[in-house]
Amino acid sequence: IWKHNDVADLEAKLATADPKAPKLIAFESVYSMDGDIAPIKEICDLADKYGAMTYLDEVHGVGMYGPRGGGIAEREGLMDRLTVIEGTLGKAFGVMGGYIAASTALCDFIRSFASGFIFTTALPPALAAGAVASIQHLKVSQFERARHQDRVRKLRALLDQRGIPHMPNPSHIVPVLVGDAAKCKWISDLLLDNCGVYVQPINYPTVPKKTERLRITPTPLHSDADIAHLVEALHSLWSRCALARHVA
């Protein structure tokens with residue numbers, strides 16, 4: 001296990017590994033709790049240097065990034081340097097299921113030896129058709145991706161106006177910091193019960209203690225009014241909980 005996004009630590013561990021031993025570097029493109037993005041190029045450079053394979057989890061990137069929705073690796077022109085790319089048919093594609101993209105030989109190997117795949121029921125035809133339609137649409141349409149990023153900017157701007165602290169990052173994930181597990185759950189419950197807004201509370205052990213947060217992911221379909229409604233509800237609840245505010 002290497003330190004989060006720390007390529008120096010990764011290299012130190014690779015340098016001490018047996019050069020003849022098989023090595024696989026597993027990492028995500030967009031990290032789901034902080035919304036930060038991995039240094040994919042630097043990781044691929046180290047993989048080449050030390051003879052390691054790479055496994056990139058793009059479940060928070062596919063559909064939302066890249067000119068054809070291929071994810072962060074596509075956006076950065078690095079897809080061909082990765083051994084395996086994992087994606088989901090949920091999230092941006094709006095269905096369910098998942099996939100890997102790799103060489104023919106590696107995919108055949110996994111089909112033959114991965115018990116989790118072998119004993120999993122195949123997707124129903126209706127879900128498969130829905131996934132195909134979503135992928136085909138997002139391979140050519142830029143509207144949803146552009147609108148998505150616009151909604152993120154709008155949300156962050158309104159949060160700043162109200163002094164509600166959120167973690168800066170280059171992705172669509174907006175972690176609003178609460179720092180108290182009980183208050184985080186309470187705010188989430190009141191948002192749903194009183195305001196009709198569903199936002200998940202993220203508490204320990206998913207995140208470290210004292211970094212409890214509300215994990216907000218606006219979508220292209222959220223209107224200005226929707227976003228304003230959420231922020232004003234948070235503004236009121238922040239005062240009721242006597243939580244610290246961020247001074248811009």
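Arg-75 touches Ile-37, Tyr-65, Gly-66 and Pro-67 when residues up to four places away in sequence are not counted; contact means heavy atoms within 4.5 Å. The model is a predicted one, in which local features need pLDDT of at least 70 and side-chain atom pairs count only at pLDDT 80 or more, while totals for chains, interfaces and linings use all residues. Residues are numbered from 1 along each chain as its sequence is written, and side-chain values use heavy atoms, with hydrogens and water left out.

Arg-75 belongs to helix α3 (residues 72–75). Helices (H or I, at least four residues) and strands (E, at least two) are DSSP runs, numbered from the N terminus. Between Arg-75 and Tyr-65, which lie 10 residues apart along the chain, the C-alpha separation is 6.3 Å. With a relative accessibility of 42%, Arg-75 counts as partly exposed; buried means under 20% relative accessible area, exposed over 50%, and partly exposed in between (1.4 Å probe, protein chains only).

Next comes the sheet. Its 3 strands are arranged in the order β5-β7-β6, forming an open sheet with antiparallel pairing; two strands pair if DSSP finds at least two bridges between them. The edges are taken by β5 (174–177) and β6 (200–202), each with a single partner strand, so one side of each has no neighbour in the sheet. From one strand to the next, the twist averages 35 degrees.

The bridges can be followed along β7 (residues 213–216), which is joined to β6 by 3 bridges, the two running antiparallel. Here Gln-200 has Arg-215 of β7 as its bridge partner, and Ile-202 stands opposite Arg-213. On the β5 side, 4 bridges join β5 to β7, again antiparallel, and Val-174 stands opposite Ile-216. The side chains of β7 are divided between two directions: Arg-213 and Arg-215 point one way, Leu-214 and Ile-216 the other, and all are buried.

The axes of α7 (residues 143–161) and α9 (residues 224–240) come within 10 Å and cross at roughly 30 degrees. Axes are lines fitted to C-alpha atoms, for helices over the stretch in contact, and angles run from 0 to 180 degrees between N-to-C directions. That angle makes α7 roughly parallel to α9; angles under 35 degrees count as roughly parallel, over 145 as roughly antiparallel, 65 to 115 as roughly perpendicular and the rest as oblique. The crossing of α7 past α9 is right-handed, meaning that the near helix is turned clockwise from the far one by less than a right angle. From α7, Arg-151, Lys-154, Leu-155, Leu-158 and Leu-159 meet Asp-224, Ile-227, Ala-228, Leu-230, Val-231 and Leu-234 of α9. This contact has 8 nonpolar, no polar and 3 charged residues, where Ala, Val, Leu, Ile, Met, Phe, Trp, Tyr, Cys and Pro count as nonpolar, Asp, Glu, Lys and Arg as charged, and the others, Gly among them, as polar.

A further pair is made by α1 (residues 7–16) and α2 (residues 40–50), which pack at an angle of about 10 degrees with their axes 10 Å apart. This makes α1 roughly parallel to α2, and their crossing is right-handed. Val-7, Leu-10, Glu-11, Leu-14 and Ala-15 of α1 make the contact with Glu-42, Ile-43, Leu-46, Lys-49 and Tyr-50 of α2. By class, 7 nonpolar, no polar and 3 charged residues take part.
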